[in-house]
Each structure stands twice: as structure tokens, then as C-alpha cells.
Amino acid sequence: MLRLADELGLSIEVHHLPPGTSKWNKIEHRLFSFITQNWRAKPLLSYRVIVELIGATTTQTGLTVRCELDTKAYPKGIVVSDEQMKGLNIQPEHFHGEWNYSISPSVQSIRAVDS
């Protein structure tokens, strides 16, 4: 995320929902209710069946779903040192800074627009 902030020269606000509160995420709540309706009474025998059922989900109001199986292996147990964390230029928000924060570029750039 810091690389993106550096590349764009912009601060990026990050907001997470607390664990166990996906019901507060209106998009996720709306999406999963339709996915559940779509695969009702269908046996979920393989990843392929699951991905196809999710990808076939649509609504009358135009919601469509794109789905693909990610088979990549991701490393576990990555430890970020305190020094690396200090270099991220993170500013916690006043309300639940552990879930809501801004990541600013490591070097502030001044850009002029030439029109």
C-alpha cells in the first residue's frame, strides 16, 4: 500500500470492518444473499461447481458477479518488524485507529499542473 501511495503521491485512507461484522458491509451482505439463493439445493461437490455457481449469480437490478479460483500458494507467518512498521508512515484515525488509518507517501511530492 505504501508503494501505491508513493507512486501516486497521495495519502490512502484504509477502513476495515471489525472481525465478525460483515453484516455491516452492505455490498457483501447484498452479494452473499443472492449467491446463497443461487446455489440453494445444489450439492457443492468441487471448487469448480462453487466457482461456477457464484459466477452465475445475477439480480434483476443488474448485479453480476465475477468469480475465479485463486490456486496460488501464499507464505504464512510473515513477521513485520517494529522498524518496518515505523517506515510505513501510518496515521491512525481518531475512531478505532486499529481499523481505520491513512498511509501517506514516504516522500511528499509537490506537483504542478501545466494546462
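Both Arg66 and Glu68 are exposed, where exposed stands for a relative accessible area over 50%, buried for under 20%, and partly exposed for the range in between, computed with a 1.4 Å probe on protein chains only. The side chains of Arg66 and Glu68 meet in a salt bridge, with N and O 2.5 Å apart. A salt bridge here is a side-chain nitrogen of Lys or Arg within 4 Å of a carboxyl oxygen of Asp or Glu. Side chains of opposite charge can pair when their charged atoms come close.

Before I continue, a word on the model. It is a predicted one, in which local features need pLDDT of at least 70 and side-chain atom pairs count only at pLDDT 80 or more, while totals for chains, interfaces and linings use all residues. Residues are numbered from 1 along each chain as its sequence is written, and side-chain values use heavy atoms, with hydrogens and water left out.

By the salt-bridge rule, the count comes to 2. Arg48 forms a salt bridge with Glu52, and their closest N and O atoms are 3.0 Å apart. Where do Arg48 and Glu52 lie? Both are in helix 3, 4 residues apart, which is about one turn of the helix. An α-helix has 3.6 residues a turn, so residues three or four places apart point the same way. Arg48 is exposed, at 63% relative accessible area, and Glu52 is partly exposed, at 45%.

Let us now consider the chain as a whole. The protein chain holds 4 helices and 3 strands; these are DSSP runs numbered from the N terminus, a helix being H or I over at least four residues and a strand being E over at least two. Along the sequence, the pattern reads α-β-α-α-α-β-β. Of the 115 residues in the protein chain, 17% are buried. Contact means heavy atoms within 4.5 Å. Among contacts between residues at least 6 apart in sequence, 47% join residues at least 24 apart.

I turn next to the strands. Two strands are said to pair if DSSP finds at least two bridges between them. Strand 1, residues 12-15, runs antiparallel to strand 3 and is joined to it by 4 bridges. Strand 2, residues 90-92, also pairs with strand 3 in the antiparallel sense, over 3 bridges. Which residue of strand 3 is the bridge partner of Ile12? The partner is Ile103, and Ile90 stands opposite Ile103 as well.

Strand 3 spans residues 100-103, and both of its faces are covered. Asn100 and Ser102 on one side, and Tyr101 and Ile103 on the other, are all buried. In a regular strand the side chains alternate between the two faces of the sheet.

Not counting residues up to four places away in sequence, Ala5 touches Leu10, Ile12, Ile103, Ser104 and Pro105.

Helix 3 has a buried side of its own. Val51, Leu53 and Ile54 are buried there. Why are they described as lying on the same side of helix 3? They cover an arc of only 165 degrees around the axis, which puts them on the same side; the arc is that of the directions from the helix axis to the C-beta atoms. The buried residues of helix 3 pack against helix 2.

Finally, the loops. Thr59 is found in the loop between helix 3 (47-55) and helix 4 (82-86). Is Thr59 buried or exposed? Thr59 is buried, with a relative accessible area of 13%. Residues up to four places away aside, Thr59 touches Arg30 and Phe34. Thr58 has its place in the loop between helix 3 and helix 4 too, and, leaving aside neighbours within four places, is in contact with Phe34, Leu63 and Thr64.

Most residues other than glycine have a negative phi, and most peptide bonds are trans. Ala41, in the loop between helix 2 (26-38) and helix 3, has a positive phi of about 65 degrees. Ala41 is exposed, at 81%. His96 lies in the loop between strand 2 and strand 3 and has a positive phi of about 50 degrees. At 32% relative accessibility, His96 counts as partly exposed.
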